[in-house]
Amino acid sequence: MKQLFLILSLIFISCMSNAQLTKGNWLVGGNLSFTSYKNSGSNSGNNSSIYLTASPNIGYFFIDKLAVGIKTNITSITDKNPQPDGSINKVTQKNIGFGSFVRYYFLPTEKKLNIISEASILYTTNSNNSTSVNSKSFEYAIYAGPVIYFNPTVGIEFLLGYNRLKLADVDYRNNSLQFKIGLQIHLEKE
């Protein structure tokens, strides 16, 4: 009975709460994404890829509902490359990226549910298990979706967006539709 009361109390408190989306507050968190795509371009070989990415971030609200910050991407990639003999060559790759983001919350700050949009740009270094050559890429992305707040400081977000990646020195690019699930902690100013 105590556990049921505790759970109901937590649900009631979280329903009465709002997030700290006002000027002077900090945003700390990140998200995970899973992406599957088909690449194109003269240097891609028309391969298919599976990406798993963790993206921690930290931001600051310069005005109400608008946060600007820095983020990193840590990505593990598995490529399946078709060979002329019909076999598949599997290549694994690790990428580390650094960049910035801007994020806007559309609904009033006191809402338990809000809609956000985020745009980001990243510079990434790439390495793989089949060659000793490291490459560099630029990544541009825009996402939008709902964020649901459990309490005044913690929210879970579900983002859907477009991502474009282009290698720096070769004709290789990919465009993808991505879904991300994230957790953000809003730290209130003193």
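Which residues' side chains meet in a salt bridge at 2.8 Å, N to O?

**View 1. Glutamate 157 and arginine 103 meet through their side chains in a salt bridge (2.8 Å, N to O).** Here a salt bridge is a side-chain nitrogen of Lys or Arg within 4 Å of a carboxyl oxygen of Asp or Glu. The structure is a predicted model, in which local features need pLDDT of at least 70, side-chain atom pairs count only at pLDDT 80 or more, and totals for chains, interfaces and linings use all residues. Residues are numbered from 1 along each chain as its sequence is written, and side-chain values use heavy atoms, with hydrogens and water left out. Because glutamate 157 belongs to strand β7 (residues 154-167) and arginine 103 to strand β4, the pair ties together parts that are 54 residues apart in sequence. Strands are DSSP runs (E, at least two residues), numbered from the N terminus.

**View 2. Arginine 103 also forms a salt bridge with glutamate 118, the closest N and O atoms being 2.6 Å apart.** Both residues are buried, meaning under 20% relative accessible area (1.4 Å probe, protein chains only; exposed is over 50%, partly exposed in between). Lys71, Arg103, Glu118 and Glu157 are linked in a network of salt bridges.

**View 3. Strands β2 (residues 48-63) and β3 (residues 66-82) pair in the antiparallel sense over 13 bridges.** Pairing requires at least two bridges found by DSSP between two strands. Alanine 54 has isoleucine 74 in β3 as its bridge partner. In the hairpin of β2 and β3, with two residues between the strands, lysine 65 adopts a positive phi near 70°.

How values were computed
Helices (H or I, at least four residues) and strands (E, at least two) are DSSP runs, numbered from the N terminus.
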